[in-house]
Amino acid sequence: MSLKNLNKSFGDVIAVENLNLDIPHGEFFSMLGPSGSGKTTVLRIIAGFETATDGQVILEGSDVTELAPFDRDVNTVFQDYALFPHMTIQQNVEYGLRARKIPKIERAKLASEAIESVKLTHLADRSPHQLSGGQRQRIALARALVLRPKVLLLDEPLGALDKQLREEMQVELKRIQREAGITFIFVTHDQEEAMRMSDRIAVFNAGKIEQIGAPREVYESPSSAFVASFLGVSNLISGASAKSLFGSEEMFNIRPERIKLSDEKSQLASGEHGVIATITDVAYTGANTLYVLESESGLRLIATRLNEELPGQDIRLESGDRVLASFRKEHVAKIPNHK
Amino acid sequence: MSAIQKAPQRPVSTYLHKRPNVRLIALLALPMTWLIGVYIISLALLLVTALWFIDPFTSKVIPGFTLDNFINIFTVPAYFSTAVRTLAIALAVTLVCILFAIPLGIFMAKIARPWVRNLLAVAITLPLWAGYLVKLLAMRLTFTEQGLFNWLMEPFGITGPGFGVPVTVLTLAYLWFPYMALPVFTAIRQLPHNLFDASADLGAKGWPTVFRMVLPLITPAIIAGSVFTFSLSLGDYLAAKFVGGSTQMIGSIIASNINLNPPVAAAFSMVPIAFVVMYLVIARRTGSLERM
């Protein structure tokens with residue numbers, strides 16, 4: 001599945017600008033970005049709900065740009081599920097099979113199998129409003145997968161679920177994707193979700209892709225300040241601070257978990273950068289403790305430390321303490337696309 | 001320590017506050033007077049009158065008890081065919097209204113820009129502001145022999161249907177269309193846009209989407225609208241009189257008997273009521289009323 005020079009504008013507003021993308025068969029591909037970054041528009045163009053202003057959508061070698069949604073071998077799982085409220089679960093799952101004129105007996109069999117694959121056989125005769133959010137989500141998935149699409153599009157499918165259920169569904173989605181062997185294109189604004197599930201992530205910003213790569217790649221070597229700050233917490237260092245630390249005024253990033261805090265009198269090991277800073281804020285978040293630091297030259301850093309010990313039994317660091325914040329040279333990522 | 005002062009006295013409010021039944025009576029006094037005093041009693045009188053008969057020589061109404069007036073509806077061929085014709089006309093009007101209202105509703109609710117939608121909403125309700133006779137006259141002028149329809153269609157060699165049942169159906173559909181179009185539009189507007197996307201996404205084209213998704217979901221609105229289009233058509237007789245040619249409807253029989261033979265007119269008045277009740281019972285059977 002690929003997109004070639006895709007453009008979409010609504011009046012004067014450019015939603016998608018000159019987008020190129022290649023997604024190999026069977027990949028779990030995420031489109032990550034803030035709302036309004038164009039990721040959902042791209043998804044809707046692939047599905048056929050929106051027409052591209054310019055460019056092509058190519059699905060397994062054939063150009064489907066001009067085809068109507070019902071003529072494309074692509075199915076969608078909608079954010080609010082879009083189940084038909086007047087139909088039972090079984091009828092919902094059969095809807096697409098019926099549109100394809102598949103005989104009744106086979107239709108019922110295929111639908112039952114699909115409902116079974118999401119483990120909701122016992123609810124087949126209920127109507128959608130009797131189901132919980134997570135159950136509706138699974139049915140929406142079954143309804144799309146029963147048609148064996150070449151590509152499954154998922155538009156923030158877990159957005160409406162609470163955290164615990166969302167994590168369960170992430171595992172479930174990944175399992176279903178592996179078993180079905182279908183390409184998944186997953187739209188989300190949740191970077192953790194994207195990292196957890198995806199083979200590759202495209203980070204969207206203002207209608208363009210800022211970076212495409214495996215989760216490790218986009219996290220460890222962000223190509224722009226936007227990518228660095230959108231994925232996880234970042235410490236972007238540029239200008240005078242960068243000059244004094246790294247000898248260059250370009251932009252660099254160091255992740256908070258790689259910053260080591262030690263006594264201000266301790267020595268820097270070889271291969272380390274370091275700066276003396278004052279702790280201005282401490283926040284306990286359960287697994288980690290987060291420290292906000294400020295150096296004399298005004299450089300602000302965020303550092304996190306894994307709480308391996310019970311609070312108090314560890315080295316005690318409090319607001320106002322002066323510390324040496326150090327990090328290894330290889331942990332510093334240079335941001336290439338910085339103007 | 002401050003002493004508790006007695007609150008200012010409000011005797012009327014206090015009295016009503018303690019007696020919910022009195023409040024309820026005060027609330028319902030006017031509507032119940034109207035409902036029972038005017039509506040129910042007049043209907044009961046109508047039913048009673050239908051059981052009376054007139055003296056064939058003096059033409060005076062004689063109170064009594066006879067079912068002849070009702071039996072006549074079934075046994076006099078002209079009466080029976082008129083009842084059936086009226087039923088068919090009312091059903092046809094309802095069908096025409098549904099056929100027009102659904103595509104229009106889909107366009108207004110899901111496709112039109114806001115200003116077009118508002119314009120159409122005003123256009124649909126505008127006929128309600130014009131008088132009934134004005135609209136009848138407009139239809140009469142359109143379909144009369146030298147009227148607009150014939151003039152427009154002349155180059156194609158088509159002549160209009162002339163005054164008769166088809167033009168009566170069209171006229172009644174024109175009169176009652178707002179009552180169907182508005183609920184249908186509102187119902188379609190409440191359908192999430194995603195359902196249309198989902199239907200197309202699952203492979204259903206336009207027609208299957210309308211039949212399997214839109215139609216079942218807006219059935220309550222169609223029933224609500226059809227109660228108006230159906231019952232108003234059943235009771236109408238002026239349309240038949242002005243654009244129906246020789247078409248007779250139940251209303252025509254009632255109108256012509258109102259002075260001559262009130263018991264017959266009263267018995268005939270029961271026919272549309274019976275049809276509407278039957279209609280609602282059937283609608284209930286299909287389960288559509290529960291989702292209203």
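Predicted model: local features only at pLDDT ≥ 70, side-chain atom pairs only at ≥ 80, totals over all residues.
**Entry 1: chain B as a whole**

I started with the overall make-up of chain B. I count 13 helices in it, along with two strands. Along the principal axes, the C-alpha atoms of chain B fill a box of roughly 100 × 70 × 35 Å. Then I checked burial: 29% of the 292 residues in chain B are buried. I also looked at contacts in chain B between residues at least 6 apart in sequence, and 70% of these join residues at least 24 apart.

**Entry 2: where B meets A**

How many residues of chain B are in contact with chain A? I find 15 of them, in contact with 18 residues of chain A. On the chain B side, helix H9 (193-201) and helix H10 (206-235) each supply at least two of the touching residues. The largest share is six residues, and it comes from H9(B).

Past the end of H9(B) I came to Gly203(B), which has a positive phi, near 105 degrees.

**Entry 3: strand S8 of chain A**

Now to chain A, and to strand S8 (residues 183-188). Is this strand buried or exposed? Six of its six residues are buried, so S8(A) is largely enclosed by the rest of the structure. I sorted the side chains by direction. Thr183(A), Ile185(A) and Val187(A) point one way, Phe184(A), Phe186(A) and Thr188(A) point the other way, and all are buried.

I then looked up the pairing. Strand S3 (residues 28-32) of chain A runs parallel to S8(A), and five bridges join the two. As one example, I found Ser30(A) bridged to Phe186(A) in S8(A). S7(A) also pairs with S8(A) in the parallel sense, over five bridges. There I picked out Leu153(A), whose bridge partner in S8(A) is Ile185(A).

**Entry 4: two helices side by side**

I turned to helix H4 (residues 133-145) and helix H5 (residues 163-180) of chain A. Their axes come within 11 Å and cross at roughly 15 degrees. An angle under 35 degrees counts as roughly parallel, and H4(A) and H5(A) are therefore roughly parallel to each other. I noted the crossing as right-handed. Which residues make the contact? From H4(A) they are Gly134(A), Gln137(A), Leu141(A) and Leu145(A), and from H5(A) they are Leu165(A), Met169(A), Ile176(A) and Ala180(A). One reminder to myself: an α-helix has 3.6 residues a turn, so residues three or four places apart point the same way.

**Entry 5: a three-stranded sheet**

I found an open sheet of three strands in chain A, in the order S11-S12-S18, with antiparallel pairing. Strand S11 (235-237) and strand S18 (333-334) are at the edges with a single partner strand each, so one side of each has no neighbour in the sheet. S11(A) is joined to strand S12 (residues 252-254) by three bridges. Here I see Leu236(A) opposite Asn253(A) in S12(A).

Asn5(A) has one, near 45 degrees. This residue lies in strand S1 (residues 2-10) of chain A. The cut-off for exposed is 12 or fewer neighbours, and Asn5(A) counts as exposed because it has 12 C-beta neighbours inside 10 Å.

Arg148(A) is not a glycine, yet its phi is positive too, about 45 degrees. I located Arg148(A) in the loop between H4 and strand S7 (151-155) of chain A. With 13 other C-beta atoms within 10 Å, Arg148(A) is partly exposed.

Last, I looked up Gly312(A). Where does Gly312(A) lie? I found it in the loop between strand S16 (300-306) and strand S17 (322-328) of chain A. Gly312(A) is exposed, with 6 other C-beta atoms within 10 Å. I also checked the separation from Val13(A), 299 residues away along the chain: the C-alpha atoms of Gly312(A) and Val13(A) are 54 Å apart.

Technical notes: Residues numbered from 1 in each chain as written. Chains lettered and ligands numbered in written order. Pairing = 2+ DSSP bridges. Helix = DSSP H or I, 4+ residues; strand = E, 2+ residues; numbered from the N terminus. Buried ≥ 20, exposed ≤ 12 C-beta atoms within 10 Å, placed from the backbone. Contact = placed C-beta atoms within 7 Å. Axes fitted to C-alpha atoms, helices over the stretch in contact; angles between N-to-C directions. Parallel < 35°, antiparallel > 145°, perpendicular 65-115°, else oblique. Left-handed = near helix turned anticlockwise from the far one by under 90°.
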